[in-house]
Structures are given as C-alpha cells and as structure tokens.
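Q: Could you walk me through this one while I have it open on the screen? I'd like to begin with the aromatic rings and then move on.

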Amino acid sequence: MKEIHKELGKIAERNIEREIREIEEARDDSNRMYRAVKNIRRMKGKETIMIQHEGGMTTDAEKQTEIISEFFQTMFNDNNTREIEKIPPAKMRIPFKEEEIKQAVKSLKNNRSPGVDDITAEHLKHGPDIVYDKIAQLLNHTAATGDFPMELNCGILIPLQKPGKKKGPASNLRPVILLSMIRKILAICLIRRIGKRIDSEIPTSQAAYRSGRGTTEQLLTIKLMAEKAATTPNYVTDILLMDMSKAFDRVERGKLIEDLKTILQEDELHLVKILMEDMKLAVRVGNTTGNQFPTNIGVPQGDCLSPILFTLHQAKALSTETDNTENIENHRE
C-alpha cells in the first residue's frame, strides 16, 4: 500500500507539473490559461464543510442541513421587499417549437448534477425528437394558462465553502442552486429571445456578464486614471468601489419585474415572473436533503437568466441613485 500511495503521489505531481507548463506556455492565450488553472483546482478535491453550532463544530450532515437551511431561509426572505405584481397568463405570440427546444437542449453542458427532476442533459440529448415537441407543448401551455410543473420553480441548494473564508459560520458558504431541466430549457429559450433587448437597456459602463465584455475593461480604466493622476498636476479622480458579496441573493424581484415591464412583451414577462415568484429551495449536504422553504428575494445562482437580470437590476438602481443625487445637488444650488 505504501508503494501504491507513493506511486499515486508521483502521478499527481507529474499532472500538476504538466498543468503548470501549460499555464506558462499559455501566457498569451487567456482561455487556455484559465482551463489549465481550473484543472489544477479540480485536483485539490472537494473541501469538507464544517458548521459552527452551540456545541462547537459539526460535520454531521443532518445537523449541518438543519443549520444551513435556517440560515438561508432567513437570507432569502425579506418582509420589507416589494411584492411581485399580478401578471396574467398570455398565449405566446411566437409559440415554442420543437426545433427551438432541441437547440436549447444541445447547448446544455454535460456532466452536471441534476435538480429535483433527477434528469440530466445527457438524458434529453440522446432522447427521441418527440421529447422536444412535448416540452414545447408544455411551455406553451404554461404561458397560456399559468399552470406549470412543480419542478419549474424548485431548486436544490448546494452550500460551498467560500475560498479564503473561515470555516464554521454558515454566512461563509456560497449557495449554488441545482435547477430542473425544464427550467434550464425555458431559461435558455427566454435568454435567446429577450437577451438583446435587456442588454440594450444596460449602459456601456456595465461590463459584467455581457458578451465580449469583462472586468479587464474596468481594470484598464482604473490603471489609466491612476497613471494620469500620478503624472498630471492638480488632477483629481474619484473611484467608487462596491461590495458585491451576496449580490444575486439581494435582488428585489418586484422591482426587477417593474423594470422589465417596459422591455418585455406580456407573454415573456409572465414566464419570467413564474421563474422568480414562489421559488422554493431545499438544502442538500452530502446525501441529506432538508425540507423545502419558500423565498421572496434574490435570483438563483446557476440560472443562465440570473446574470443579465442582476446586471439590469443593478444598472437601474444605480441610475435611480444618480438621478436622486443630481436632484439634491440642483436643489442646493
């Protein structure tokens, strides 16, 4: 056994050395470098979760599930948040078709954990075409009647330890939501229909979660401003830094729907509302799954719609705050 473990250690070292060489050779290719770094992180294995409670640290899955469920139930519910207004069902102006569903399924990533429906992307990709037609009929029925399968707004919350954060407090866990396949398909179809319209409402200063954009632009801007401030006499610049922790988890759904009313058609708005309203989560630690609890705030991490909806919500909030500040300054003058 000692010889086996010794040989396994050598193999692991060789794999890491190979990935390090890959990183060094990929200095001019950011995508290739990112993949190599990601592979090294995977070699570390899954980090064990430890949760603090009255008696100290616990690794018992049932106790952890209970504590984590209580924490996230409190975090994902806010008595002061704005309620989502009633939006009646509306028949799809452009009904979902078999081919649209098929293309959405093909874009799903393989080797992903399933949601409450216990269906993976591979199940659908290798299924008969009639499955795509049935899914299209189901989504069209949901839009027209407001009736939808329970799996559409249910998720499994997987708590992950935040890197660099102290183990123990539940607040140092990142909630990743496993969603059902029917929800993922609907979200992909919607993002392809409404994504460009929403993106057009987001100012160019917002670079996060946008095609062809990234935080490197903001970093370059700060670098140029710092250089100018250092080399230009009497040059003053102000930089505002925001703490974006728990950003997705604090999105006001009612305010978001209000922002979307001027962008989306009634049928599209109704479907987005279904995806956000009465979202129910259940915490899973290991093989233990807790009881479901309702939520009334936030958008789930793991939904392809969440990034663009969050960016729109943030942009509208910053725009409102800027307008209020300008009004105050004008009043003072």
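This is a predicted model: local features need pLDDT of at least 70, side-chain atom pairs count only at pLDDT 80 or more; totals for chains, interfaces and linings use all residues.

Q: Where do Tyr209 and Phe310 lie?

A: Tyr209 is in the loop between α7 (181–200) and α8 (215–231) and Phe310 is in helix α11 (residues 306–332), so the pair ties together parts that are 101 residues apart in sequence. Helices here are DSSP runs of H or I with at least four residues, and strands are runs of E with at least two, numbered from the N terminus.

Q: Is Phe310 buried or exposed?

A: Phe310 is buried, with a relative accessible area of 8%; buried means under 20% relative accessible area, exposed over 50% and partly exposed in between, using a 1.4 Å probe and protein chains only. Phe310 also forms a tilted pair with Phe248, at 5.0 Å centre to centre and 40° between the planes, and Phe248 is buried as well. That pair links the loop between α8 and α9 (253–260), where Phe248 lies, to helix α11, 62 residues apart.

Q: Which residues is Ser306 in contact with, leaving aside neighbours within four places in sequence?

A: Ser306 is in contact with Phe248, Val299 and Pro300, contact meaning heavy atoms within 4.5 Å. Ser306 is in helix α11 and is buried, with a relative accessible area of 2%. Its side chain reaches the backbone oxygen of Pro300 at 2.6 Å.

Q: Changing topic, which residues touch the most other members of the largest nonpolar core?

A: In that core of 48 residues they are Phe96, Ile101, Ile185, Ile198 and Leu260, a nonpolar core being a set of buried Ala, Val, Leu, Ile, Met, Phe, Trp, Tyr and Cys residues joined through side-chain atoms within 4.5 Å. Helix α7 gives the largest share, ten residues. Setting aside residues up to four places away in sequence, Leu260 touches Ile198, Leu269, Val272, Leu309 and Leu312. Apart from this core lies another, of 16 residues, which include Ile67, Phe72, Leu157 and Leu281.

Q: And what sits over the ring of Phe96?

A: The charged end of Arg193 does, 4.4 Å from the ring centre; a charge sits over a ring if NZ of Lys or CZ of Arg is within 6 Å of the ring centre and within 35 degrees of the ring normal.

Q: On to the strands, then: how many bridges join β3 to β4?

A: Seven bridges join strand β3 (residues 154–161) to β4, and the two run antiparallel, with strands taken to pair if DSSP finds at least two bridges between them. Ile156 has Leu178 in β4 as its bridge partner. Five of the seven residues of β4 (residues 173–179) are buried, so this strand is largely enclosed by the rest of the structure.

Q: What about β3 and β5, parallel or antiparallel?

A: Those run parallel, with four bridges between β3 and strand β5 (residues 280–285), and Gly155 stands opposite Leu281 in β5. Strand β5 is also joined to strand β7 (residues 293–294) by two bridges in the antiparallel sense, where Leu281 stands opposite Phe293.

Q: Which residue takes a positive phi in the hairpin of β5 and β6?

A: Gly286 does, with a phi near 65°, in a hairpin that has two residues between the strands. Strands β5 and β6 (residues 288–289) pair over two bridges and are antiparallel, and Val285 stands opposite Thr288 in β6.

Q: Last one: how many helices and strands does the protein chain have?

A: The chain has eleven helices and seven strands, and buried residues make up 36% of its 333 residues.

Note on methods:
Residues are numbered from 1 along each chain as its sequence is written. Side-chain values use heavy atoms; hydrogens and water are left out. Rings of Phe, Tyr and Trp (its six-membered ring) pair if their centres lie within 6.5 Å; planes under 30 degrees apart count as stacked, over 60 as edge-to-face and the rest as tilted. A polar contact is a pair of N or O atoms within 3.5 Å; within protein, one must be able to donate a hydrogen and the other to accept it, and residues adjacent in sequence count only if both atoms are side-chain atoms.
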